[in-house]
Amino acid sequence: MATEQMDGGRALIRALEEEGVEVMFGLPGGAILPVYDPIIDSSIRHILVRHEQGAGHMAEGYAQATGRPGVAMVTSGPAATNIVTPLCDAYLDSIPMVVITGQVPYPAIGTDAFQECDTTGITQSITKHNFLVTEAQDIPRTIKEAFHIATTGRPGPVLVDVPKDIVDPGNPRSAMTWTDDVQIDLPGYHPQVEVDPEGIRAAADLLRGAERPVLYVGGGILKARAVEALRELAELTGIGVVTTLMARGAFPDSHELCLGMPGMHGNFTAVTAMQESDLLVALGARFDDRVTGKLDGFAPDAKVIHVDIDPAELGKVRRPDVAIRGDVRVAIEALVAELSANGTGDVDRGAWRSRISGWQERFPLAYEPWAPGEALKPQHVIECLRDATPDDTIVSSGVGQHQMWASQYWKFDHPYTWINSGGLGTMGFSIPAAIGAKVAHPDRMVWAVDGDGCFQMTGQELVTATVENIPIKVALLNNSYLGMVRQWQEMFYDERYSEVFLSKDVPDYRMWAESMGCEAMRVDDPDEVEGAIAKANEVDDRPVVIDFRVAAEEKVYPMVPSGASNSELVVPPFQQDQPR
Amino acid sequence: MNVPAPEYRYHTLVVKVENRSGVLARVASLFARRAFNIESLAVAPTDDERFSRITVVVDLESAPLDQVIKQLDKLVNVVEIRELHPGHAVERELMLVTVTAEPDRRDEIVEHLDRAGGKVLSVGTDHMMLSLVGPPGRVDDFEDLMRPFGIVELQRTGRVALASLDDVAD
C-alpha cells in the first residue's frame, strides 16, 4: 500500500482530486489560506467569486446541470455565514454539494477568535450532514464520507469545517500520512435503494383500477436519473404527467401525456387534474405546500402511491395508501416490469381523457396580448427567448414572477435544462447558478432569466463570469418592482404597495453590465426583442445582459391564493367565464 | 395529525448514536427544528465505547411517532432506534430532593419514603435529603407527596429504559 507524508492542506486538495472534482468555486481568506496554496499545483479549476454566496449557488448550478456534486470552498466566519443561504437552498432542493470552510485553529475554537463562528452549529439543520475535522489524519476519510453522503440516498449539501492548524504546513499538527486505502466509517448511514416488491404489486393494483390517475412527478426523478423510466411508465399506462417546478424537463412538455406544471402558479389542467384525480402517483415529490395548496382540500378523492428514497417524506404531509421506500428509478422500472408482465388493467379512461383535453382547450396558459402604448409583456420576452435558442439551452432563474413565467412559457423537452431555487425561493439565484451550469457545459447556451430585484442581489458575479471567461447570457425582466410581492399586494392587500417599488432609473443596468465587462443592451419596444436576443446569441466571448423594460402591472396567472384550496385557482380575467 | 390516546401520549425511544462530539446537539436541534416536544432526555455511554445511548421520551401531541423516528434516523450519527412501547419497557428515573423537615415531621416523611422505596441520604437540622429510584409515575407521586413539606431543591434525571425481558430478542 502506497503511503506518503504530507500536510493536511495538500491532503485535502488531493482528496478532492481523488473524488474526481474538476472545478470548485470559492474565495480565500485567513483560515483557509493553507488549503489555497496547493490549488496552484492542482488539476482542479478554481473559480474565484466575488461573494461567497455566489460560490455556493455556482456549485448548485454546476450540480443541477451535471448530477455531479458541486464543490465550494471559503474561509471561516463571515465567509461561512455568507454561504449559509446556498447550503439551505441545496438542502431544500436536494442538491449534492460539498462545502469546505476554513476554521480558526483547533485550540482557538470557543475563544471568540478573529473570524470564528460556530459553522457546524449554524449549518446543522440546513445540511444533510456536517463535519468538524479535528485531526489532519482524518481529512481524506472525511472528504470521502462527505462526497458519499452528498451524492447517495436523497442528495444534499455536506459541509466540512477545517481548522487552520491541521492544514498549515508550518504547524506540526498538520502532519499526516496519505494512504490510498481510506475506508468510510458511517455506521448510521445506509440509504436504501431497493424497493419492496410487495409495495410494487400493491401500487400496480391501484394503477390498474384507477379511473382518473395522474403521475405527480418531482425533482427526485431528475436526481435518480429516472427520466427514461418515467417515460416508459407513462407511455405504457397512458397516464398523464404533471412535472413540478423542480421537475420541469423530467418529462417532455411537447409529449401528448404532459399536463404541465402543478402548484400555486401551475397551469389549470395540471392543477385541476390532480385535484379531480382518484389516484396520485407521487414519484420523487414531497407534497410541498406550493403544490398542494390548502392541504385538507387537496385532491380529496385521490388515493396516493408515494415513492421516495427518503422514508421521512412518506406520510410527512399526506398519508399514502401505498408507500414505497427506495430509489425512484428502481421503483418505476419494477412497476413497469410488473405492469408489462401482468397487464395494465382494462379501465376505460376515455371520459377522464376528454375532461383533460377540455381543460387544455378552455384554459391554456395565456396572457393579454400587447397593445400599442403598453410596456413589454414579460411572457412575450420568454416566448421569444424560447423560440430563438437551441432546444438544449440551459435556463436558470431567480425567484419571483420572472421565475414563474420562465417555468410556464419555456418549453422543456430535455432534462437538466431548468435550474432554479424551488424550496427556499432564493432571490439572486439565477446569475451564479447560470455561471455554475456554464462552467459544467461550456458548449451549451446558458441563459439566466432574472428579475431586477434579484439582479441587484448577486449581479456582481458577472464580474466573475467576465474574468473567468464564462459567457452566460442574462435576460433581465425589469419592471422596477419586487414584482411578485407587488402582485400579492395588489391582489390581497387592497393595492397598498408597501416598499416594493425599486426605481425606474437606478441602477442603469446597461452601464452596470458594461462596467462588469458584459455586452449590454436595453429593450423597450416589442419590435426590438427578437433582434436583441439574436444579437446576444451571437456573442460568445463575454457575458451578455439585456435589460428588458417590462410592464409592472403584469401578473402571474393562474394563481392559487395563499391558504386557498387548489379548486379556487384564479385564472386570468379573460378566462374567468369559461365553464370549469 | 392524529392525536394519540392519552395513555400513549408519551413514547420512549432508545437511540443508539455514534459517540462523537456534538451528537447530542444534533438530536436536540432536530427536535427543536421540527417542533417535536421532548418530555425527557437522558444520555450515557454504552458498553461499547463507540456508541452512546439516548433515552428520549417524546410527546406525541407535537408530532406523529413515525415522523419522529424517521427524522431521527436521517441523522447520520444515529445508528439505531428502538421504540419501547408503553407496557413493554422497564423505565426508571432517579430523583434527588431536599425537603424541609422539622424534627416533629420527619417520621411522616420517612413513612412516605419507605412506602415508595427511597432512601435518606442525609439529615440536617431542618432539612432532609432523599433519593428515590423508581418508575416515573411513582417518582411523580412521591414528588407530589413531598410538596406540602416544602421542597428546597429537586433534581430528576429523566427516564432511562430497557425493553422488558419478554421483548428481548435472543
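A: Chain B is divided into domain 1 (6-86) and domain 2 (90-162), with bounds that come from an automatic or database domain assignment. This is a predicted model, in which local features need pLDDT of at least 70 and side-chain atom pairs count only at pLDDT 80 or more, while totals for chains, interfaces and linings use all residues. Residues are numbered from 1 along each chain as its sequence is written, and chains are lettered from A and ligands numbered from 1 in the order in which they are written.

Taken over C-alpha atoms, the centres of domain 1 of chain B and domain 2 of chain B are 28 Å apart. Eight residues from domain 1 of chain B and six residues from domain 2 of chain B make up the contact, where two residues count as touching if their C-beta atoms, placed from the backbone, lie within 7 Å. On the side of domain 1 of chain B that touches domain 2 of chain B, at least two residues each are supplied by β1 (10-18), β2 (37-45) and β3 (51-59) of chain B, strands being DSSP runs of E of at least two residues, numbered from the N terminus. With three residues, β2(B) gives the most to that side.

By class, that side of domain 1 of chain B has five nonpolar, three polar and no charged residues; Ala, Val, Leu, Ile, Met, Phe, Trp, Tyr, Cys and Pro count as nonpolar, Asp, Glu, Lys and Arg as charged, and the others, Gly among them, as polar.

The largest nonpolar core has 200 residues, a core being a set of buried Ala, Val, Leu, Ile, Met, Phe, Trp, Tyr and Cys residues joined through C-beta atoms within 7 Å, and buried meaning that 20 or more other C-beta atoms lie within 10 Å of a residue's own. A second, separate core of 11 residues includes B:Met128, B:Leu130, B:Val139 and B:Phe142.

Definitions and conventions. Helix = DSSP H or I, 4+ residues; strand = E, 2+ residues; numbered from the N terminus. Buried ≥ 20, exposed ≤ 12 C-beta atoms within 10 Å, placed from the backbone.
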